[in-house]
Structures are given as structure tokens and as C-alpha cells.
Amino acid sequence: MKKGYLRRFVLAVVAFAALAWIPVGLDVGLQFDAALALVWGLCILSLVLLTGYVGQVSLCQATFAGVGAYAAGMMVSTFHAAYLIAVVVGVVAAFALGLLVGLPALRLKGITLAIVTLGIALVFDRYVFQDHIFDWFTGGSGGWQVDSATLAGIRVDSSSHLLAAYEILLALFCVVALLMVNLHESGAGRRFRAIRDSELAAATMGVNLTRYKLLAFGLSAAIAGLGGSFYPLVAGSVSPQPFWVFTSLQFAAIAVLMGVRYVPAAALGGAFMAFVPDVLTRYGHGTFLNKYSYDISYDWFQLAVGVLLVIQLILLPDGVWGDLRGRAHRTWSALRARTSRRVSVA
Amino acid sequence: MTMLRVRDLTVRFGGVVALDAVSLDLNRGEILGLIGPNGAGKTTLFNCISGVVSPEKGTLVFDNRSLRGASPHERARRGIARTFQNLQLWGSMTVAENLAVPIDALGRRNTLGDAVGAPMSLFAERAAMERVRAILHALDLGRFADTLAGDLPAGTQRRIEIARALSMKPRLLLLDEPAAGLDARETTRLLEMLRNVRDRFHVSMLLVDHDMDLVMRVCDFVYVLDFGKLLARGKPADIRKDPKVIAAYLGEEHPDLAADDVSEQDVSMTVPAAGSSASSASPASPASSGAGPLLEVSQLAAGYGHLEVIRNINLVVRPGEVVACIGANGAGKTTTLRAISGVIRPRSGRIRFDGKDVTGRRPERIARLGLAHIPEGRGLFPRLSVDDTLKLAADSGRGVVDTAVAYEAFPRLAQRRRQAVGTLSGGEQQMVAMARALIARPRLLMVDEMSQGLAPTIVRQLFEMLGVLRQQGTAVLLVEQFVESALEVADRAYVFEHGTVGHEWTAAELKRDRKLMARSYLGSAAETAPSLAATNGNGHRVHPELLEVIAVKVPAAVKRDLEDRAEREGRTAGAIAIELLEGSKQ
């Protein structure tokens with residue numbers, strides 16, 4: 001068992017080392033995309049926990065992220081708090097909201113739960129993030145501006161130190177991912193998965209459904225809130241638009257597309273969500289064969305997600321990462337079987 | 001000594017009384033059987049004990065503490081474990097992980113420690129996995145430890161479900177139909193396992209099963225439920241002889257039920273004049289043996305998922321004949337009907353209807369050939385009105401059909417033609433289902449559990465309707481719990497056993513010899529079951545009085561004897577025990 005923890009720790013360190021220097025030397029726009037990819041990646045990671053592990057549906061993950069973002073922005077702008085404090089407040093606020101949203105989930109499941117969480121997302125989008133009553137929380141119509149910030153003595157902000165923000169976010173992402181994989185393989189994770197596979201059996205086998213469902217919602221919201229609380233830092237400001245209802249739907253769609261049960265799929269999904277629209281707007285227009293001009297802008301991204309989702313559900317039912325991983329495993333074991341046979345013959 | 005005490009337990013679902021003041025006692029170290037026909041409330045009782053359903057009235061006491069207000073997981077941690085009728089293993093987890101969940105639930109739970117790999121979590125994990133291995137080894141399931149539970153065949157899954165329940169160190173194990181869907185060989189293995197479990201894990205069990213052989217062989221004592229009421233209790237051998245039990249299983253009407261107010265259930269039916277119905281080309285005489293068979297099934301096998309429910313089914317229905325399928329629950333009757341009508345795909349074998357091979361055809365195409373299937377639960381659309389339901393059937397039937405025929409047959413429905421089907425009474429709904437089938441003018445009508453949940457008077461009228469159908473030349477294949485009523489109208493009957501046709505009898509033969517039937521329902525094992533009275537666990541007979549002297553713990557069977565005697569003589573068990581003790585001193 002100890003070996004498993006050690007192996008996963010090494011894997012996380014290797015993943016960090018491999019991903020850490022991707023944005024080095026890229027222009028500011030792409031560095032921004034890379035940092036944003038980790039923010040969205042954390043949001044999708046929260047769905048891996050909630051939907052992939054525990055089997056609960058949520059269409060309000062962007063709301064949790066938004067609460068984290070606004071809380072962090074408020075702490076920095078109104079209270080001039082250190083960014084570390086701002087992040088902690090953002091995570092705690094999201095965790096509390098997650099527990100509240102978890103309450104109806106104790107009774108509901110499937111499509112009804114989806115509708116209820118969608119309703120929560122709508123309410124927050126319209127009546128919290130965009131309403132004047134909550135100006136103290138949202139900073140009014142202009143939102144909060146975060147021009148410069150330091151985190152643990154390192155200068156991290158959108159204007160000139162995006163790379164530092166990326167590295168810190170990546171480290172956080174790797175830590176959260178490591179903890180989640182550890183959880184999955186341990187006793188608590190087994191209880192989560194038991195709830196996913198059969199609630200009835202879980203309850204009658206001694207799993208406290210109330211406690212673990214609430215915990216799942218709380219933890220999931222906290223992870224989304226963690227991602228969200230870095231948003232002001234990366235983007236330089238907070239506005240309602242990134243955290244509206246459609247973003248929640250996009251999280252769900254992309255999580256399923258990449259494989260909702262797998263932690264690395266969250267990184268893939270985050271990168272997909274951040275890079276693809278930007279690359280499309282940058283290079284998506286021009287002239288083909290010097291004759292036909294084309295313009296594949298951001299709007300095409302939504303279409304692409306939809307079409308890819310349909311293709312994936314037919315061809316890769318376990319998600320892009322899940323299916324590729326499964327295939328790699330099968331090929332690997334087949335190869336090993338073949339070589340071992342050859343050795344034994346020799 | 002009484003481990004579980006159930007008193008006056010009452011459960012209602014809407015207007016239906018699922019359990020009516022049921023009381024039950026389970027002693028430590030005892031295997032208690034719970035039997036009864038479908039819908040008798042056995043699973044509801046299980047759900048009450050395990051906390052999935054909360055009773056309306058009544059008390060549950062487990063180990064001298066009330067279970068009131070305890071949630072399912074609290075009851076589980078106090079030592080009540082259960083299995084499920086429809087398998088509820090966590091399919092995407094390995095067998096070892098399945099067993100580890102309840103072990104963790106009993107022990108240390110620390111989510112944060114698990115996530116960071118704290119020393120205590122590592123220790124708990126190692127201990128849990130060791131226990132998992134030990135349990136799997138003890139039950140001879142060790143080779144499945146790293147297999148995904150969902151990938152295993154149903155028989156193995158059943159045994160793993162029992163292993164999972166045992167991994168909680170339960171003191172009471174509730175087994176809900178552990179033998180359902182198992183073939184004879186798997187049932188034998190299950191039987192061995194249950195005995196093994198009782199000897200090694202020192203656990204009391206409450207066992208629900210329709211396989212009477214199994215119940216009679218493993219149980220020390222049997223309770224019989226019928227319509228939510230306790231019908232009888234006693235030793236397996238006595239239960240087998242109990243006329244009330246035989247009646248409940250074979251559908252002999254209770255005198256008090258038959259005397260129901262008939263006017264309240266006024267369901268008059270007029271028979272459509274033979275001339276007006278164009279369907280019967282010639283009112284065939286019943287079972288005209290000269291005609292070729294209408295339906296011919298040979299070597300049919302079918303099932304669901306990993307489960308092969310029926311195999312080697314051979315049966316024949318001739319035009320104008322009424323044939324009954326009888327047999328214990330889970331014997332494969334419903335599955336056979338489903339395979340014939342194309343609702344599920346046959347795995348092998350041939351089905352010929354009206355001379356055409358219809359094996360594997362889509363259900364709607366088979367229906368168009370003139371084969372109507374009324375499924376168990378009737379398959380109606382609750383929000384559709386009676387009229388719309390019948391029109392729908394008329395539209396999808398062959399050619400132009402009008403609904404008048406149906407209203408002629410069931411005038412009661414004409415009064416209610418605008419009412420939504422879901423708001424009708426059970427008997428009326430069954431009439432709608434029959435009327436819908438009749439509109440299509442089928443050559444063969446297959447009815448599954450027509451009388452389930454209906455009052456006897458209505459049942460009688462529905463059976464009369466079947467008789468009328470036969471006169472019109474429609475063949476009927478019916479699956480029925482009320483065997484006696486079925487045999488009144490049937491020409492022949494197939495007796496199903498363990499997913500295949502065991503015997504074929506004419507109705508007259510079966511009616512003459514009730515033993516033939518009783519055997520198919522209640523099994524023949526109890527005759528050969530060894531007396532379980534007063535053995536000390538090693539098979540040695542011990543004098544009950546001696547046991548009372550040398551040990552505080554009295555074997556359950558002895559206690560049962562004491563209690564029986566106490567009840568007969570109207571005294572407390574303690575008084576009798578003291579009397580016996582004093583007698584032995586002298």
C-alpha cells in the first residue's frame with residue numbers, strides 16, 4: 001500500500017516536471033491560455049470527483065468557481081488581503097456553498113438533480129453575480145481589478161508574471177490530482193465509488209450516505225473554488241461572463257468528452273477549453289489555396305464541442321483519456337504476454 | 001437470547017397494506033426461513049429490518065435495543081447485514097474492494113488521512129485487505145479477489161454478495177432470495193456455502209427464497225407470509241404439511257376472501273354473440289388434436305445478461321386450447337412467454353407460430369401474426385384514457401378494427417371510457433389489458449399472472465372470460481399463481497422447474513392428484529431433511545435439560561422447542577425450563 005502512495009507521488013512530480021516548462025518562451029497570450037487551462041482544469045477535476053467518483057450530477061460547477069473568484073477578488077480589493085488569504089477565503093466560501101447544494105442531492109438523483117443544480121447556476125448567474133444588491137461581493141458592473149499580487153513572496157499577476165502564476169497553479173493542480181488519486185484507491189474512495197454503483201447497497205453496508213454525499217459536494221465545490229480563486233490573478237479582473245450557466249454546461253460536456261472518471265482527463269479538458277478557442281480566433285481565419293477565405297472563430301468552438309461529444313460517445317464511450325488508456329493497457333499486456341512466451345520458448 | 005424481535009409491524013404503500021401486524025422472533029444462531037407467494041411482503045419485511053423502509057406501526061428490537069430511528073448504515077454497523085434480490089454488488093469495483101467497504105465502515109474512517117496516506121490509514125488498509133483475503137479464502141472465493149464484480153456470472157455474484165455481507169461481522173444476516181436464477185448445481189453450492197457460513201461465522205440468518213428445497217433444508221424454523229399477514233410458523237416438516245400453506249401457494253381461495261361483497265365488485269360481463277365476432281372463423285372445439293399445432297417451441301433457451309434463465313423449453317399449443325404454465329417463482333415461466341413474443345431474444349431453439357418460424361423476430365411483427373401477450377403488470381399506459389388505449393390497439397392492429405367489441409365484452413369499461421387507465425382499480429386495469437389484446441383478434445393470447453394482486457371474485461370473472469375466448473377459438477397460454485383457478489379452464493399444464501419444463505400433465509390429472517402440484521411448488525426435500533432438534537453443532541444429540549445446566553447459551557433449536565411448548569401450554573418458556581431443570585435434578 002505504501003508503495004502505491006510512493007509511486008503516485010513520483011508520478012505527480014514527473015507530471016509537474018514535464019508540464020512545468022511548456023509555456024516557457026511562449027508569447028503572453030499563450031502563457032495566459034496555459035494558466036487559464038489550469039483554472040478550468042481544476043474546475044473539471046472537481047467534476048471528476050463529484051461525477052466520476054461519487055456519481056452525482058452537477059451543472060453548477062462554474063458557480064462554485066465564480067464564488068471562489070469573487071470572494072478572492074473581494075478579499076484583495078476591499079480588504080487588501082494577501083493573495084494566499086484570498087485563495088483560502090475563496091475555497092472556504094465555495095466549500096460552504098457546496099455543502100448547501102449537496103442538501104437537495106441527499107434526496108434527488110439523475111436528471112432531477114441536474115435540473116436543480118442548473119437552477120442554482122441560473123440563480124447565481126442572474127441574481128448574485130449580476131445584481132446590484134451583491135455589489136459588495138462582485139465589485140459592481142466593472143468587477144474587481146487585480147493589478148498586482150504576490151503569493152508567498154513571489155510576484156504573480158496577469159500583467160508581467162503569468163509564468164509564475166502558471167507554475168504555482170500547476171503545482172496546486174498536481175497536488176490536488178495526487179490527493180484525489182490517493183483518495184480513489186483508499187477506503188474513503190471506495191465508499192465514494194460504492195455510492196456511485198449502488199446507493200442502496202452502500203447504505204445497508206454501513207456507508208453514511210448523508211455524510212459522504214455532502215462531503216463529496218463540499219470537496220468538489222472547494223476544488224472548483226480553488227481554481228476560480230486564481231482566476232482574478234490570471235485574468236486581472238473578474239466579471240460574471242466566465243462563470244455563467246453555459247460554462248457549467250461546458251465543464252460537464254468536456255469532462256464527459258475527456259473521461260469523467262480519470263484525473264488526467266481534467267488536465268486535457270482544461271487545456272482543450274483554454275487553448276482551442278484562442279487558437280481558433282488567432283489562426284482560424286485566412287485564405288485557403290489563395291482562393292477561399294474562411295473564418296473559424298470562437299463560435300465554432302461550441303459547435304466543435306457538441307460534434308466531438310457525439311463522436312466520442314459513439315467511438316470512445318469511456319472518454320478520450322479513458323479509452324486511450326484502456327487501449328494502451330491492453331496493448332501493453334498483449335505485448336508482455338508475447339515477449340514472455342518468446343522468452344519461455346527460448 | 002431473542003436476537004431480533006419484530007412486533008406488530010405494519011407497512012402501507014399508498015392504499016396497499018404490504019405488511020399487516022407481523023410479529024416474528026429470531027434467536028441467536030438460528031436460520032429462519034421466510035416464505036410466501038409473490039407480494040406477500042417478504043422483501044418489505046427485509047427492508048424494514050435493514051432500515052430502507054420505515055414502518056407505519058410496530059417495533060423492531062435488535063439485541064435488546066430498539067431500531068427506531070436508526071438509519072440503514074447505523075443498523076449495518078450494529079450487525080445487520082443483508083443481500084438483495086436483484087444483485088447490488090458494486091460492479092465497477094473489484095471483489096476485494098467490494099468486501100473492503102463494509103470492513104472500513106466498521107473501523108476507522110478518515111478521508112484526509114486516506115488522501116495523504118497517513119500511517120494510520122495505511123495500517124487500517126492493510127488490516128482490511130487481510131480480512132478480505134481471509135473471508136474470501138474461507139468461502140472458497142479467493143480466486144476472484146481482483147476481478148471486477150460486474151464481470152462475474154450471476155451465481156458467483158450471489159455468493160460474493162453473501163461474502164460482502166459477512167465481511168461486516170454481522171450477527172444477523174438477511175438473505176433475500178439467494179437462489180433466484182441459479183441452476184440446480186449452483187443452488188447446491190449455495191446450500192453448502194450457507195451451511196459453511198452458519199458453522200464458521202456464527203451468524204443468525206433470515207432467509208427468503210422461493211426454492212422450497214433450499215429453505216426446507218437449511219432452515220431451523222419457517223414463517224409463512226401471505227398478503228402481508230403471518231399465515232403459519234413452524235418446523236419445515238410441519239410447514240410442508242400445513243394445509244393453509246399449500247392453499248396459499250396453490251391459490252385455493254380463502255373462505256373469508258371468497259365471501260367478499262360481490263355487489264361492490266360488480267363486474268358484469270356479457271359474451272359477444274358468436275355471430276357478431278368475425279374473428280372466429282370456426283368455433284374450434286377445445287384441443288382438437290387433429291389440427292396442427294398453433295405454437296410450437298423447441299429447445300428454447302433465453303436469459304438476461306449473464307443469466308440464462310430458461311433452457312430446453314419444449315411446448316406446444318394447439319388451436320383453441322388453453323394451456324397453463326405453473327411452477328414456483330423463478331422457474332422461468334415469464335421468461336418463456338417473453339421469449340415467445342419476442343420481447344427478449346431467444347439464445348437458441350426454435351419458435352414456430354402458425355407454421356412460420358418466428359424465432360428472433362421483432363415483437364411487433366410477431367404480434368401482427370396474431371399473437372397477443374399481456375405481460376405481468378399489464379403493460380398499460382397509466383395516463384391514457386381507456387378509449388385511447390383501445391383505439392391505439394385498434395390502429396396498430398391488422399386492418400380496420402373498431403373498439404365496440406371490447407366494450408361489448410366488458411360493459412364496465414364503457415362506463416369508464418374517458419377515465420385515465422392509471423386511476424382504474426387493478427381488476428379494471430386487467431380488463432383493459434384483456435380488451436386491448438382482444439381487439440387485435442389474436443389467434444393465441446398469452447397472459448402472464450393475470451390474477452396477481454386481484455380479489456378472488458374478479459379473478460373468477462377473468463377466468464370465465466378466458467373460457468369464453470376458448471369457445472370462440474382463441475388459444476390461450478397462461479402463467480398463473482392461482483393454480484386451482486387456472487386448472488378450471490385449462491386443458492393441459494406444463495410444470496416448470498429450475499428454468500425448464502419438468503412435466504406435462506393434463507389438467508384433469510393434476511386436479512386429481514394434488515400431490516403432483518404440491519411437489520412442484522414446495523419441493524420434496526423436507527421429507528429427507530434431518531431433524532435439527534437439539535444438536536450441539538457437532539451433530540451430537542444433547543439432552544436439552546443438560547444443555548440448560550452446563551451452558552448459558554442454549555442452541556436455537558432447543559430454545560424453539562421450549563418456546564413451542566410454552567405457547568402450547570400457555571406458560572412462559574422460563575417456567576418450563578425451570579420445571580425441566582428440577583425434573584432432571586430428581
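Val87(A) counts as buried because 25 C-beta neighbours lie inside 10 Å of it, where buried means 20 or more other C-beta atoms within 10 Å of a residue's own, exposed means 12 or fewer, partly exposed is in between, and C-beta atoms are placed from the backbone. This is a predicted model, in which local features need pLDDT of at least 70 and side-chain atom pairs count only at pLDDT 80 or more, while totals for chains, interfaces and linings use all residues. Residues are numbered from 1 along each chain as its sequence is written, and chains are lettered from A and ligands numbered from 1 in the order in which they are written.

Val87(A) belongs to helix H4 of chain A, residues 83–105; helices (H or I, at least four residues) and strands (E, at least two) are DSSP runs, numbered from the N terminus. Residues up to four places away in sequence being set aside, Val87(A) touches Ala72(A), Leu226(A) and Ser229(A), a contact being a pair of residues whose C-beta atoms, placed from the backbone, lie within 7 Å. Leu226(A) is 139 residues from Val87(A) in sequence, yet the two C-alpha atoms are 6.7 Å apart in space.

**The core and the contact between chains**

Nonpolar side chains tend to be buried together in soluble globular proteins. The largest nonpolar core of this model holds 269 residues, and those that touch the most other members are Ala35(A), Val39(A), Leu45(A), Val48(A), Leu207(B) and Ala435(B); such a core is a set of buried Ala, Val, Leu, Ile, Met, Phe, Trp, Tyr and Cys residues joined through C-beta atoms within 7 Å. Helix H2 of chain A (residues 28–53) supplies the largest share of this core, 17 residues. Because domain 1 (2–250) and domain 2 (264–522) of chain B both give residues to this core, it lies between them; the domain bounds come from an automatic or database domain assignment. Leu45(A), its neighbours within four places in sequence left aside, is in contact with Val176(A), Ala177(A), Met180(A), Ile223(A), Val263(A) and Ala266(A).

**Sheets and hairpins**

Chain B has 25 helices and 20 strands, and 47% of its 586 residues count as buried. One open sheet of 6 strands in chain B runs in the order E16-E17-E18-E13-E19-E20 with mixed pairing, where two strands pair if DSSP finds at least two bridges between them. Strands E16 (371–374) and E20 (500–506) of chain B stand at the edges, each with a single partner strand, so one side of each is left without a neighbour in the sheet. The twist averages 15° from one strand to the next; axes are lines fitted to C-alpha atoms, for helices over the stretch in contact, and angles run from 0 to 180 degrees between N-to-C directions. Helix H12 (residues 333–341) of chain B lies across E13, E16, E17, E18 and E19 of chain B, at about 145° to E17(B).

Another open sheet of 6 strands in chain B has the order E6-E7-E8-E3-E9-E10, also with mixed pairing. Here strands E6 (80–82) and E10 (229–234) of chain B are at the edges with a single partner strand each, so one side of each has no neighbour in the sheet. Direction ignored, neighbouring strands of this sheet are turned by 20° against each other on average.

| Strand pair | Sense | Bridges |
|---|---|---|
| E19(B) and E20(B) | antiparallel | 6 bridges |
| E6(B) and E7(B) | parallel | 3 bridges |
| E1(B) and E4(B) | antiparallel | 5 bridges |
| E4(B) and E5(B) | antiparallel | 2 bridges |
| E3(A) and E4(A) | antiparallel | 4 bridges |

Val495(B) has His503(B) in E20(B) as its bridge partner, and Arg82(B) has Leu174(B) in E7(B). The hairpin of E3(A) and E4(A) has 3 residues between the strands, and Leu289(A) in the turn has a positive phi of about 55°. In the hairpin of E4(B) and E5(B), with 2 residues between the strands, Asp63(B) takes a positive phi near 50°.

Terms used:
Two residues are in contact if their C-beta atoms, placed from the backbone, lie within 7 Å.
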